[in-house]
Amino acid sequence: MTASLQVRKREKIFSKLDADGDGVIDKTDVQHHIGGFLAKFGVPPSSPKAHELHESGDQLWQALSRLDGDGNQVITREEYVTAIDDGMVEQTYIAMNGIFFKVVDANGDGLITEEELVKATSKAGLSAKDVHAAFREIDADGDGSITRAEWDQATRDLLLSGDPKSPGSMLLGLN
Ligand SMILES: [Ca+2]
Ligand SMILES: [Ca+2]
Ligand SMILES: [Ca+2]
């Protein structure tokens with residue numbers, strides 16, 4: 001529950017976002033992540049879903065660039081860790097969730113079942129056991145399916161809560 005855990009989580013997320021490891025986040029890092037996500041989740045690069053994901057990557061970068069305090073087109077670790085807050089999370093990650101959710105919700109019924117989550121994450125090298133545990137955490141009301149609201153809440157918990165056991169951490173390998 002400490003602020004320092006939050007900072008450590010943000011630093012870890014920053015390190016993940018900094019795909020080429022040069023110590024700053026720029027547009028190339030965001031594009032790299034979108035490409036990686038497509039490959040991990042087996043989305044064909046020319047599909048409409050891939051196109052949407054690239055578009056939301058551009059939106060993510062635009063939102064992230066607001067953290068760029070000195071306007072030099074790169075975001076430093078310090079800018080990221082100190083500037084991200086609730087509003088920022090809503091504008092960046094929650095906005096991205098629309099497409100992430102769609103990718104995982106294979107049959108498009110607006111709910112994610114454990115089977116869909118297992119299938120979507122199978123290429124990401126997560127064990128069925130980890131996915132099962134994460135699913136149970138994210139499915140807050142325990143009705144066996146994840147709604148968009150539950151998914152968004154898990155994202156907020158992951159990014160903003162100081163709880164190391166917050167849902168979603170496992171899926172990003174952050175715990
Ligand atoms: Ca970088
Ligand atoms: Ca579904
Ligand atoms: Ca549920």
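**Model and numbering.** I am working from a predicted model, in which local features need pLDDT of at least 70 and side-chain atom pairs count only at pLDDT 80 or more, while totals for chains, interfaces and linings use all residues. Residues are numbered from 1 along each chain as its sequence is written, and chains are lettered from A and ligands numbered from 1 in the order in which they are written.

**Confidence.** I read a mean pLDDT of 83 for the chain, with 89% of its residues at 70 or more (pLDDT is the predictor's confidence in each residue, from 0 to 100). Helix 1 (residues 3–17) has the lowest mean, 79, and strand 4 (residues 145–146) the highest, 97.

**Elements.** I found 8 helices and 4 strands in the chain (DSSP runs numbered from the N terminus: H or I of at least four residues for helices, E of at least two for strands). Their order from the N terminus is α-β-α-α-β-α-α-β-α-α-β-α.

**Helix 2 on helix 3.** I took helix 2 as residues 27–40 and helix 3 as residues 48–64; their axes are 10 Å apart and the packing angle is about 150° (axes are lines fitted to C-alpha atoms over the stretch in contact, and angles run from 0 to 180 degrees between N-to-C directions). The angle therefore makes the pair roughly antiparallel (over 145 degrees; under 35 is roughly parallel, 65 to 115 roughly perpendicular, the rest oblique). Helix 2 brings K27, V30, Q31, I34, F37 and L38 to the contact, and helix 3 brings A50, L53, H54, G57, L60 and W61 (contact: C-beta atoms, placed from the backbone, within 7 Å).

**Helix 3 on helix 5.** I then checked helix 5 (residues 86–104), whose axis comes within 9 Å of that of helix 3 and crosses at roughly 170°.

**R136.** I located R136 in helix 7 (residues 128–138). Why is R136 counted as partly exposed? Because R136 has 13 C-beta neighbours inside 10 Å (20 or more is buried, 12 or fewer exposed, in between partly exposed; C-beta atoms are placed from the backbone). E114 is 22 residues from R136 in sequence, and their C-alpha atoms are 8.8 Å apart.

Methods
Contact = placed C-beta atoms within 7 Å.
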